[in-house]
Amino acid sequence: MFNKLRPVWLVARRELRDQFRDWRVLLPMLILTLCFPFLMNEFAKETVDYLNQFNANLVLERLVPISIMIIGFFPITVALVVALESFVGEKERGTIEPLLTAPFDDWQLYFGKLLVGAITPLIASYTSIGLYLWMIHRQGLTFPDGMVMLQLMLLTTAHAVVMVSAAIVISVQSTSVKAANLLASFIVIPVAILMQGEAVMLFWGNETVLWLGIAGVVIIAVLLIRVGIAHFEREYLLGREIDTLNLKWIARTFWRNFTGGAVSLWDWYRRAVMSSLRRIFSAFLIMVVVAAVSLWLSYDWVMVNVSDAVSRASPEALKKVEENIEELPEFSSMSGHLDASFLFLNNTRSMATILLAGLTSFGVLGVMIYMLNIGLIGGVYALFKLLGVSPLPIFLAGILPHGIFEIPALMIGSAAVLYIGAVIVTPQTGKSMGEVILEMMADWAKLFVGVVVPLLAVAALIEAYVTPVLLLRVLGGGMR
Amino acid sequence: MIETNDLSKQFHDFVAVDGVNLSVGSGQILALLGQNGAGKTTTVRMLTALLQPTRGSARVAGYDVTKNGHDVRASVGVLTEHHGLYMRMTAEEYMDFFGQVYNLDPSLRKTRIENLLEYFGLAEAAKRRIGEYSKGMRQKLALARAMIHEPGVLLLDEPTSAMDPESARLVRDEIARLKSTQRTIMLCSHNLTEVELLADKIAIIYRGRILVQGSLDELKRDVFGLPEYVAQFAAEWDADGLALPKGMELLEKTATRFKVRVEAPGELNPILLKRLADASAPLVSFQEEARTLEQVYLKVMASARGKEHVQ
């Protein structure tokens with residue numbers, strides 16, 4: 001094992017030595033490490049003074065962990081610079097070839113670069129956090145407890161790994177440092193959003209949720225590393241492609257995969273669409289299981305938590321809810337707003353959201369939106385049950401007729417997104433990542449146009465013109 | 001040794017190497033000649049398991065380049081087109097890094113580094129940053145790196161391109177020494193004089209295909225036909241009465257010289273020389289008409305282009 005890891009350290013050590021000789025890396029790192037704790041401390045002092053006027057101790061208590069997370073993050077931004085140019089920079093300087101001809105395995109080279117990208121910024125980050133904690137201690141502010149500190153350190157480390165691994169994916173796939181830097185916004189923006197979410201979690205102060213958040217970030221980091229190794233190709237690194245946007249090639253590759261060489265619509269369905277359906281079959285089965293799990297989870301959650309909340313609610317609160325329900329319009333008058341085109345566009349937009357979310361998270365966020373959609377059914381079912389209304393006739397009349405078409409469409413679309421994620425993290429020999437993504441997008445588009453859109457169109461027509469009639473019959477027009 | 005069989009590489013629609021068959025044994029030097037972009041670097045990259053062939057196969061140092069990439073890379077020393085030196089490192093650090101890459105133990109590493117730097121005249125600059133080196137010094141250092149693990153197979157791309165004549169001579173001597181120690185060497189070069197001096201075999205590649213290959217003599221014979229010899233006289237001499245041995249063909253004749261094509265020079269030339277002496281011809285010189293590798297190369301390339309033009 002040591003012999004296998006030795007080359008990793010060898011690659012990392014050489015680059016570390018190089019980094020410490022480059023003032024362009026060292027200077028920003030020193031400034032970020034040493035100056036920001038002071039700046040943050042001054043900001044915290046001002047905030048403390050201000051908030052003390054209102055006796056907002058809880059806000060103060062939560063402010064320190066968030067400050068620590070931010071302070072830890074600043075030096076990590078340097079990791080991006082180092083990692084972004086790890087492979088493509090060596091390619092531009094012409095030093096990559098002797099390294100590639102060395103007897104290293106791909107993963108050894110990859111992890112060597114990953115290590116060097118993360119190690120220096122992390123040391124700087126921990127130093128920065130240490131400095132800030134020392135300042136907090138001197139001011140007598142409340143120290144975050146051990147568990148929160150552990151979570152913060154894990155989050156900081158996970159941020160570094162996420163950024164470095166994403167930057168290396170970009171570095172391996174880019175043809176120039178310039179292109180890699182431009183693509184860096186695909187790392188910075190999601191990480192910024194991620195940190196906002198984490199700040200909310202820290203402010204909330206719910207330990208379990210924060211652990212789940214950390215687990216999520218770690219999973220993303222692992223997936224990114226997997227993507228990097230899956231698409232690491234010596235051949236691609238030695239290629240002479242230039243940074244010209246080849247729209248013709250993009251269009252040709254997409255179209256070739258979309259049509260699948262079909263000569264007619266029937267042929268397209270028979271060959272292209274069916275083969276795509278076969279490819280996503282496993283993902284479809286996973287979606288069926290996920291649907292069952294989300295239905296059960298939401299049903300159970302509503303049954304437990306809502307009934308518990310109702311039993312604990314004050315009579316005034318319950319009266320208020322009743323008043324709100326009274327204010328709702330009559331069901332019969334609502335049906336006019338739900339025309340087929342609105343329903344169709346709404347469902348299509350949901351599918352597009354699942355695709356976009358899935359593309360930025362290897363399918364994970366897409367599946368989560370899918371779970372939310374399906375889960376709603378279980379939750380509503382449970383609510384009817386709690387209200388003492390028999391849910392089965394309502395579901396048979398209000399969901400089943402259009403659901404027969406809409407739910408499979410949702411499942412197929414989401415399965416295709418999950419499949420894209422799975423393919424991206426799987427090695428694809430002889431293909432660039434761009435090629436793989438284009439092929440996957442064409443596959444998704446095939447299923448979307450050929451299966452999902454027709455199913456959603458039929459579902460929308462039924463939901464607009466058949467479901468309200470059936471529901472009115474079942475509810476007798478009296479249900480609000 | 002190096003063996004390739006129908007080795008081919010295609011990038012999308014572009015065929016970079018097309019059906020290359022080469023064989024280089026131990027103690028042999030093969031020179032691969034060709035224009036820029038002819039497929040030399042792609043061939044070398046396939047032989048170092050950096051690129052996967054799209055067709056055919058290759059074995060280097062006994063390992064299959066497709067199946068045993070790691071072993072191939074451990075067994076070859078490569079001087080790449082770009083030297084790939086780390087400018088912030090010193091020569092000593094750089095060599096030490098690659099010594100560790102090839103898993104040499106510290107004492108052996110130290111000895112080899114000292115010897116190689118000494119041999120290439122870099123010992124005094126060993127502790128200077130590579131960024132301060134001249135082009136020639138960098139070239140020598142890159143070559144020293146390729147040799148640090150004393151590989152059985154060496155793939156050298158333009159080994160003397162940036163060097164002064166003295167350093168180039170040094171490198172040529174080293175290549176010759178390596179050959180004498182039964183190393184297999186493949187040389188990509190545009191320096192045809194150097195190739196003539198060093199290579200046992202020469203292959204000319206054009207647009208990914210090997211046009212001709214063989215020893216220099218074989219190439220000359222293949223391209224220009226049988227060797228031609230010129231007899232030069234000090235004064236006018238009538239050669240009409242001279243009977244040429246069978247297997248010799250008179251090509252041209254003037255009052256002071258004549259040129260013959262000879263089937264078997266080793267056997268026929270002594271006979272002709274004896275007859276000239278017997279006839280008291282005022283012979284000043286009798287030598288093979290110079291046919292350099294450059295002429296061979298240019299003719300082969302012209303012929304390839306001509307065929308292409310006709311097609």
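Let's start where the chains meet: 17 residues of chain A are in contact with 19 residues of chain B. Contact here means that the C-beta atoms, placed from the backbone, lie within 7 Å. On the chain A side, the elements giving two or more residues are helix H1 (2-19), helix H5 (96-100) and helix H11 (234-238). Helices are DSSP runs of H or I, at least four residues long, numbered from the N terminus. By class, that side of chain A has eight charged, six nonpolar and three polar residues. Asp, Glu, Lys and Arg count as charged; Ala, Val, Leu, Ile, Met, Phe, Trp, Tyr, Cys and Pro as nonpolar; the others, Gly among them, as polar.

A word on the model. It is predicted: local features need pLDDT of at least 70, side-chain atom pairs count only at pLDDT 80 or more, and totals for chains, interfaces and linings use all residues. Residues are numbered from 1 along each chain as its sequence is written, and chains are lettered from A and ligands numbered from 1 in the order in which they are written.

Now inside chain A. It splits into domain 1 (2-238) and domain 2 (250-475), with bounds from an automatic or database domain assignment. Their C-alpha centres lie 36 Å apart. Eight residues of domain 1 of chain A are in contact with eight of domain 2. What gives the largest share of the domain 1 side? Helix H10 (residues 207-230) of chain A, with four residues. That domain 1 side divides into five nonpolar, two polar and one charged.

Last, helix H6 (residues 106-139) of chain A. Its 34 residues should span 50 Å at 1.5 Å a residue, and its end C-alpha atoms are 50 Å apart, so the two agree. The expected span is 1.5 Å times one less than the number of residues. After H6(A) comes A:Gly140, with a positive phi near 75 degrees.

Notes. Contact = placed C-beta atoms within 7 Å.
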